[in-house]
Amino acid sequence: MDKAIVQKIEKVVGKDGYSTKTADLYTYGFDASIFHRTPDIVIQPRSTEQVSEILKIANAARIPVVPRGAGTGLCGGAVPIEGGIVLDMSRMDKVLKVSPADLWVDVQAGVVYNDLNKVLDEYGFFFPCSPGSAEACQIGGMVALNASGMKAVKYGATRDYVLGLTFVKADGEIVRAGTRTIKDSSGYQLARLMCGSEGTLGVITEVTLKLAAKPKGSASALVAFDDVHDAGRFVSALIARPLIPASCELMDSVSISAVNKSQGNPLPDCEALCIVEVDGEPEQIERDLRTVQEVAKENGATEITATHDKKQIAAWTSARKSVMTSLSALKPGYSSVSLADDMAVPVSKIPDAVSAYQKIAEKYGVTVATYGHASDGNLHTKMLLNPVDKDEWDRGVKAVEEIFDATIALGGTVTGEHGVGISKAPSFQKERASALSSIIAIKKAMDPNNILNPGKLQQWEGSILTNLRYPCEEYM
Ligand SMILES: Cc1cc2nc3c(=O)[nH]c(=O)nc-3n(C[C@H](O)[C@H](O)[C@H](O)COP(=O)(O)OP(=O)(O)OC[C@H]3O[C@@H](n4cnc5c(N)ncnc54)[C@H](O)[C@@H]3O)c2cc1C
């Protein structure tokens, strides 16, 4: 990077506020996706004003800027695919104010999800989205991806909690959008526009989140099936009852056997299972657990275990969370990769989606595990590939294209919570074809010089098999 630019940056953030060291640059070239590209500089701002000054410098010199939270994104959103600046938000990590009487909390964008909930716990509240990356992911990253997690069916996604936020536009202008009121009809909902913006419209520096009251208690049931269609029917029937569970995680047979093999058989050996959590007042929990058991029996469950035992529930949750790593341990030399990783379909279409994904996997000779937040229709698929073998990637990507096409045909979306980034860009463009011209116009209006996270989402062109983090020569 040009020395004069580095000097200007140093004036804004000081000597310890940036790095151009090779090791740092290499490290910041990754997120949790399959991609890698080294930036030219990493900057760690401490305030909205510093972010604004950095963006003024970058905009004048047309340098790409990629905002970065914890880098746990699975689709390449934080990978600086065109080089330039990575703006690491982790030093803006303060919970600024909790206002329980008004039901909001103000945070800086770099606050980690679990750290926020530790603070809110003291007040009897929580921010319930519960992503699997809760220990690391940041609120800014969650807003930028509209992240959610296991509890979305009952508690919603990040966008449902964003009352207002501060962001910095590409030209350095600081914008406060939204309010600190529970209701707001004051024109364009700009704060909502930033939800799912993936670092392409502005850098989020502060967020006002609505608080949710913590439930009094919870209990869980593990329900086993010998047919994945029965599991899918069970989830739809439960919701239609109506019983909205706190969460309902589905695992298919590939996921179950991968976990059992690598974790010492924590789960029953079956074709499909659901782990259902219900929460609320004690009487409601008991009533809901009974309903879960009834509906499970009506839909062909082969085994039902209901429990209040926190240890047992933690063991099931940990088994479910270990699918990704367990899959990588299934076959020596193979890795679980995030290709088609979080499609969402209408809940009633889950069995069709799981069957379609399994057929596509067979057609292309790849192993695909399907699991996820079944009660909100969000299915994760992880693919097991030999990541140094070009042919495996070629087959994998063809399978992924068909998986996305099948999802769209079922009335679904290619991403329920992980965002588009690079890996879903071509299918996102298909899915949102009728909105693309509006999306392009919004981006142009907010960032006319195209410096913010360029080349992703609607701007991606060509195959996604490029800049892979794995030593597969043809696609590095
Ligand atoms: C093991 C594992 C489990 C996961 N489970 C879930 C899950 O259950 N649900 C879920 O939704 N996701 C999940 N994810 C994906 C990911 O962790 C989340 O989506 C998370 O919200 C990303 O936050 P981050 O801070 O790591 O963002 P990053 O990965 O750093 O960035 C993600 C995107 O947001 C942009 N961005 C980051 N910060 C800002 C900012 N301040 N301003 C503007 N743009 C910004 C980046 O440019 C990038 O495009 C999981 C990931 C892993 C590795």
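This is a predicted model: local features need pLDDT of at least 70, side-chain atom pairs count only at pLDDT 80 or more; totals for chains, interfaces and linings use all residues.
I take helices (H or I, at least four residues) and strands (E, at least two) as DSSP runs, numbered from the N terminus. Residues are numbered from 1 along each chain as its sequence is written.

**Entry 1: helix H9.** I looked up helix H9, residues 253-263, and noted that Val254, Ser255, Ile256, Ala258 and Val259 are buried. I call a residue buried if 20 or more other C-beta atoms lie within 10 Å of its own, exposed if 12 or fewer, and partly exposed in between, with C-beta atoms placed from the backbone. The buried residues of H9 pack against strands E13 (247-252), E14 (272-280) and E18 (367-373), and against helices H11 (310-321) and H12 (323-328). Contact here requires C-beta atoms, placed from the backbone, within 7 Å. Just after H9, I found glycine 264 with a positive phi of about 75°.

**Entry 2: strand E13.** I then turned to E13, which is largely enclosed by the rest of the structure because six of its six residues are buried. Ser247, Glu249 and Met251 point one way from the strand, whereas Cys248, Leu250 and Asp252 point the other way. I count two strands as paired if DSSP finds at least two bridges between them. E13 pairs with E14 in the antiparallel sense over six bridges, and aspartate 252 stands opposite alanine 272 in E14. E13 also pairs with E18 in the antiparallel sense, over three bridges; leucine 250 has glycine 372 of E18 as its bridge partner.

**Entry 3: helices H13 and H14.** I examined helix H13 (residues 350-364) and helix H14 (residues 390-409), whose axes come within 9 Å and cross at roughly 155°. The axes are lines fitted to C-alpha atoms over the stretch in contact, and angles run from 0 to 180 degrees between N-to-C directions. The two helices are therefore roughly antiparallel, a term I use for angles over 145 degrees. In H13, Ala353, Ala356, Tyr357, Ile360, Ala361 and Tyr364 meet Arg395, Lys398, Ala399, Glu402, Ile403, Ala406 and Thr407 in H14. The residues of this contact divide into nine nonpolar, one polar and three charged. I count Ala, Val, Leu, Ile, Met, Phe, Trp, Tyr, Cys and Pro as nonpolar, Asp, Glu, Lys and Arg as charged, and the others, Gly among them, as polar.

**Entry 4: lysine 183.** I located lysine 183 in the loop between strand E9 (174-178) and helix H7 (190-194). Lysine 183 is exposed, with 7 other C-beta atoms within 10 Å.

Definitions and conventions
Two residues are in contact if their C-beta atoms, placed from the backbone, lie within 7 Å. Angles under 35 degrees count as roughly parallel, over 145 as roughly antiparallel, 65 to 115 as roughly perpendicular and the rest as oblique.
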